[in-house]
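Work through these exercises with the model open beside you. Try each task before reading its solution.

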Amino acid sequence: MGTDFKNILADIYDNLKNNNYVNEEAVRVGIVVRILEALKQPIFNPNLVCYEYSVNKLDTNFETKNGRLDVAIFSQTNADLADIYIEIKAVGKLNIQDGE
């Protein structure tokens, strides 16, 4: 792991400690996009890194409904499935009992 990446993680840690990520968008930009960029992901190529990616999901009654994932990362353009899916929540707002 390079020094730059360690510095980014240290800065993210400091911001978390100081409660600087006040909502989901702050987490998206200040943590997720920043880490993706440091990992050399093409964050400005919508064919490879898709924000607000549309998906079908099953609700608690096993009925299909439309939804969105915050980030989907593809290894190649025109792929049917993303390689990585990221759902972002505001700090302290994760509720796994909602089934989301």
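**Exercise 1. Confidence**

What is the mean pLDDT of the protein, and what share of its residues reach 70 or more?

*Solution.* Start with the kind of model: this one is predicted. Its mean pLDDT is 88. Of its residues, 91% reach 70 or more. Now go element by element. Confidence is highest in helix α2, residues 24-38, with a mean of 96. It is lowest in strand β1, residues 49-58, with a mean of 86.

**Exercise 2. The fold in outline**

Count the helices and strands, then give their order along the sequence.

*Solution.* Count: the protein has two helices and three strands. Order: the pattern reads α-α-β-β-β. Extent: a box of roughly 45 × 35 × 20 Å, taken along the principal axes, holds the C-alpha atoms.

**Exercise 3. Surface and charge**

*Solution.* Take burial first. Of the 100 residues, 29% are buried. Next, the surface. The accessible area is about 7,400 Å², and carbon and sulfur atoms own 50% of it. Last, charge. There are 10 positive and 15 negative side chains. The centres of these two sets lie 5 Å apart.

**Exercise 4. The nonpolar cores**

Find the largest nonpolar core and say which elements build it.

*Solution.* Step one: the largest nonpolar core has 14 residues. Val-32, Leu-36, Val-71, Ile-86 and Ile-88 have the most contacts inside it. Step two: α1 (3-17), α2 and β2 (64-73) are the elements that give two or more residues to this core. Helix α2 gives the most, with five residues. Step three: zoom in on Val-32. Leaving out residues up to four places away in sequence, Val-32 touches Val-27, Val-71, Ile-86 and Ile-88. Step four: look for a separate core.

Methods
Residues numbered from 1 in each chain as written. Predicted model: local features only at pLDDT ≥ 70, side-chain atom pairs only at ≥ 80, totals over all residues. Heavy atoms only, no water. Helix = DSSP H or I, 4+ residues; strand = E, 2+ residues; numbered from the N terminus. Buried < 20%, exposed > 50% of the residue type's maximum accessible area, 1.4 Å probe, protein only. Areas by Shrake-Rupley, 256 points an atom, 1.4 Å probe, with all protein chains shown as cover. Lys, Arg positive; Asp, Glu negative; His and termini not counted. Charge placed at Lys NZ, Arg CZ, Asp CG, Glu CD. pLDDT = per-residue confidence, 0-100. Core = buried A, V, L, I, M, F, W, Y, C linked by side-chain atoms within 4.5 Å. Contact = heavy atoms within 4.5 Å.
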